[in-house]
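My notes follow the structure.

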Amino acid sequence: MAGGTHELTIAETGMPGEVLPEHGVGPRSFGWWGMVWLIATEATLFALLLASYFYLRFQSPEWPPEHIEAPALELPLIMTAILWSSSIPVHIAEKGIEKGHQGRLKWGLALGWLLGAAFLVITVAIEWPETLHEFTPRTNAYGSMFFTVTGFHLSHVLVGLSVSAFAQVRAWQGAFDERKHVSVQNFAMYWHFVDIVWLFVLLSIYVSPHF
Amino acid sequence: MRGWGARRHQGRARRIVFAGPVPVTALALLLLTACSDDSPSVLRPRSEAAERVEGLWWLTFWTSVVVVLLVTAFIVQAVRRGRAVAAEDAEQGAEEGIDTRPVPWGPPFIVIAGLVVSGAVLAGTFVVSLRTLDALAGPSGDPALTIEVIGRNWWWEVRYPNGAVTANEIHIPVGRTVEVKLSTADVIHSFWVPQLNVKQDQVPGMDNRIELLAKEPGRYRGQCAEYCGLQHARMVVYVEAEPPEQFDQWLAREAAPAAAPTSPTASTGRDILLRSSCAGCHTVRGTSAAGTLGPDLTHVASRQTIAAGTLPLERGPLADFVRNAQEAKPGATMPPTEVAPEELSAIVDYLMGLE
Amino acid sequence: MTTVVEPDWKNELSAELDETWHSPPGLREWISTVDHKRIGMRYFYLGMVFFVVGGVQSLLIRMQLAGPDLDLLSPEAYNQLFTMHGITMMFLFAMPVLSGFGNYFVPLMIGARDMAFPRLNAFGFWVLLGAGIFMYSSFAIGQAPNNGWFNYLPLAGAEFTPGINIDFYSLGLIFLGISSTGGAINFIVTILKLRAPGMTLNRIPIFVWGELAMALQIVFALPALTLGAVLLTLERKFGFHFFDEAGGGDPLLWQHLFWVFGHPEVYIVALPGFGIASAIIPTWCRRPMVGYTYIVIGELAVALVGFGVWVHHMFSVGLSNITLSFISLASFMVVIPSGLQVFAWLATLVSGRPKLSSAMWFVLGFIMIFVVGGVTGAMFAAVTLDQALTDSYFVVAHLHYVLVGSAVFPIFAAIYHWGPKMTGRLLDERLGKVSFWLMFIGFNVAFFPQHFLGLLGMPRRVYTYQEGVGWDAHNLASTIGAFVLALGALVTMVNWYRSKQRGAVAGNDPWNGETLEWYTSSPPPHYNFVTVPTIRSREPMWDQPELAGGAQAPPEGGRPLTGGHVTLSTSLLDARPQAIVHMPHATPWPFYFSVALTVLFFMILVELWYIAVLAAVASVMTMVGWYWPRHETQET
């Protein structure tokens, strides 16, 4: 059966007297579970990456190695504030569409996107170039780890921004309502995951070298 | 009729038993007898450390035999039941249905065999293995001698504290503890002389050591046991254990500078060696040859093989190797010298005199 | 087998479902299909092709080692062959074929109409094909990976292997990881959410539990390999420092990352094999499995504890004794849950009424071979014995006993047990037994002598050995055995081909099986079942006579689900029906996406960065195309 969407609500299964809903959200939706397990595998990847960071660190007599200062904290803390605050509008968007509020959905996603993009731009345009004056990924393992860990995280931010853009286009097309919005839930889950990972990146890469 | 059918199937079951484990065991025993005494066997230990490992081997081996025999018995029983059931079905002309009766001895058997007995056996083996680990871990007293063995692609550099430097052959005094400091000049190698000790890797940045304490004189073969590239297969090492007085004499000779050439051709050979690319890679102590890319040749003729066990130290193979090492050991770091025959002969004369 | 009178309602339903699920044949459909059975068959066929390729590689290896100082192969050729043999057998044969059986049979066994993510399923296959082509293109330029499947540093670094060989390896494994991870997530969600109503946790077939355990391991183990490969690529191509001592790195970091993946990987390969045995034994012993609970616990425990023992691959590296002792203990303990399964199988075998079909012989062979591999594995748990025997031919013997035992023999058993369901034709039983005995005897002659070689001091990964060391006879025997083993495998392949041409028709349920794949026709229709059944037992086909007709009637719990391309989603523990889920129709976007990715990986390999960027953009666009809503099938 090709083409055309039709209103899906509940339908018969064919067993006498049984009807079931045709849409799921949250744990009733396959896509939600798919995102849960994707996050599980990505979380493992980050855990291993940070474990590798600490492994190399504790092999090293000095960390950061000589001639390199422990990272300055002002800019990363500002970036943290921006990134973490982006979770609030995303959360509002998700809770909004659960109740059918199209406005909150659209503006929440948009604001979250802007804050996330600000984080990305600050990293790429300010923080990294400043850091590159002091050391590069080719300088030593410290430099390689710094840029690899922050780079991995940044690539996940970029993916999140792309997914958010896609969701926003669909939101403007009116694809979501209180019964069907699992894509928004999935994006929100992913985005909050990216924020939580940042906590560990902040503590490992930026804060811990000071101790 | 029924009895005859049953016997036929028993015969088939017996044939199954013979078809499986028995020929395999026979083959195994046959292969065992094919062992040559030249093998650097874990089962012919020549040191206390290797003896402890051998003991652990036999413990786990016999335990394993019991387990495998037990499992085999079950499999054979299953096959026999299968034959019997097939006979019954054939006789009755139809198959019986599914048997859903619970098997009361099933879960207890699984728990006892799989958890309790297995757990006990495994735990016991673990404890015994811990004791062996402990025994091999600590040095047996202060080492009488500490040497360095540096793994290199694809040969072994051996350095003694008195300044002796050799390659691919390690001499040690019988009955005295020798501590070997293991390192690598390039990739990961692994030092393994099965009859004397377990293996230990040579890893960049790691300070690994292994102990050699031979109980009797002998020539013990070892080989690199960590894949290290093209010629990993031809990285053999020999450990020559000799009585202490003999060892001391060897050590003194090895530390001495190179013997002077004893014939005119050997002298010519030396001169050629010193002025050509040979000296860029090899050291001959007492001459101007001080290269460090290849083995120290000061006493090369005192060794029994060249190229880490690839060729015997004899005129013919030595000449071939000097002319073009790539023939015997393709990919080795030593490029072909393609030296003219008379010059080659002179060089070989000189080298054969470096005892 | 009794003849069944087809009720009219069943015919009507079949006709309606045929029309809903029908897709017109053609090239576009071939690229676009998302049917789990067809994808499963493709995984199976592609995996078996790589089995033959890996087998040829092993025969070349054995020919080179048949005698001392042979020069059939140059050292470089040999090193590439043994490396690719390992990579091929693990990543391109065992995992794909086992995924193929999983793909085909998990939805059938749980009473679902497809996997949870049919498009992801198709994508996983195309990526596997792309990754296989990617890795094998290395042979075309004579630069196949040549540092072993474990690829240790510093040897695999840019300094010692400057050639492109290792880039094929690292990028190829990242690429393959995408397929495996997607497949694993698919299995997990399918098994958790698509089971037929009434299939509570303790009614799930053991094979399905095995696939779940495998998939959970993949989700948590594969990131280690992916991470290692990414770090290696960054180091080799861009001069980063992770594994080089001079730059503050550590070669052991590679070993840790590799084996954190590598040890669970062997269980990823073994657990589906165990699951296959657990599917075959009850059917052919004509009784329910004894100790179901223990087997399930065993599978999950192996999957979990298997994450804690990776350091036992590094016992000779120079780590502290405390570390070695802990890992040794864990390595001894991990034997127990495997043992539980073995004893459950043995109990079932001797208390049932076994029928000695080819499938059964391969299962019996699997148990024997795996147990031998298991006891030598326990030997390796003892630290000093491991330090003596690791990196020698003893461990080559061990790994082949456990892997050929727990993967190859179950796969061949599955060919005989499930082949008729997949093709609709029975295989020749006589040929099956000939194949078994050739493989069993050939395998043991090939690999048993290798235990001796290890004890006699022969290291592994050597392209040749000297004469006079006492290794000649065992090596020759091993080579002969390898050829016998290969011949045995060939017999089954001939059998498969012949059976497809003119085998006897199998019918729905030729073996009187107990699980739901036997509930439907051979091969099943696109939609699998005329009605999705309600399950009331662990062995539904034996305990629910109303299933015998191939369609449980709606009044008895059967759900026709004719409102489109739909299946049922059920709750996690009790499998209560929760929703009707619209499944995607056939779509070519997964194929296009995988093509874009293949191009991207090739461009990164050869460092054509501008085209790589274009390929990346194309990848994003094909992903958008994939997710762009069409029909009512898109879950929003």
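**Backbone notes**

I began with burial: Leu561(C) counts as buried because it has 27 C-beta neighbours inside 10 Å, and the cut-off for buried is 20 or more. I kept in mind that this is a predicted model.

I then looked up the backbone of Leu561(C), and its phi is near 50 degrees, a positive value in a residue other than glycine. I placed Leu561(C) in the loop between H17 and strand S1 (566-570) of chain C.

Next I turned to Glu607(C), where phi is also positive, near 65 degrees, and the residue is again not glycine. Glu607(C) sits in the loop that links helix H18 (589-606) to helix H19 (609-627) of chain C. Is Glu607(C) buried or exposed? I found 10 other C-beta atoms within 10 Å of Glu607(C), so I noted it as exposed; the cut-off there is 12 or fewer.

**Cis peptide bonds**

Which residues does the cis peptide bond in chain B join? I traced it to Asn153(B) and Trp154(B), with omega about -5 degrees. Trp154(B) lies in the loop between strand S1 (145-152) and strand S2 (155-159) of chain B.

In chain C I checked the peptide bond from Ser522(C) to Pro523(C), and I logged it as cis, with omega near -10 degrees. For Pro523(C) I wrote down the loop between helix H16 (472-502) and helix H17 (540-543) of chain C.

Definitions and conventions:
Residues numbered from 1 in each chain as written. Chains lettered and ligands numbered in written order. Predicted model: local features only at pLDDT ≥ 70, side-chain atom pairs only at ≥ 80, totals over all residues. Helix = DSSP H or I, 4+ residues; strand = E, 2+ residues; numbered from the N terminus.
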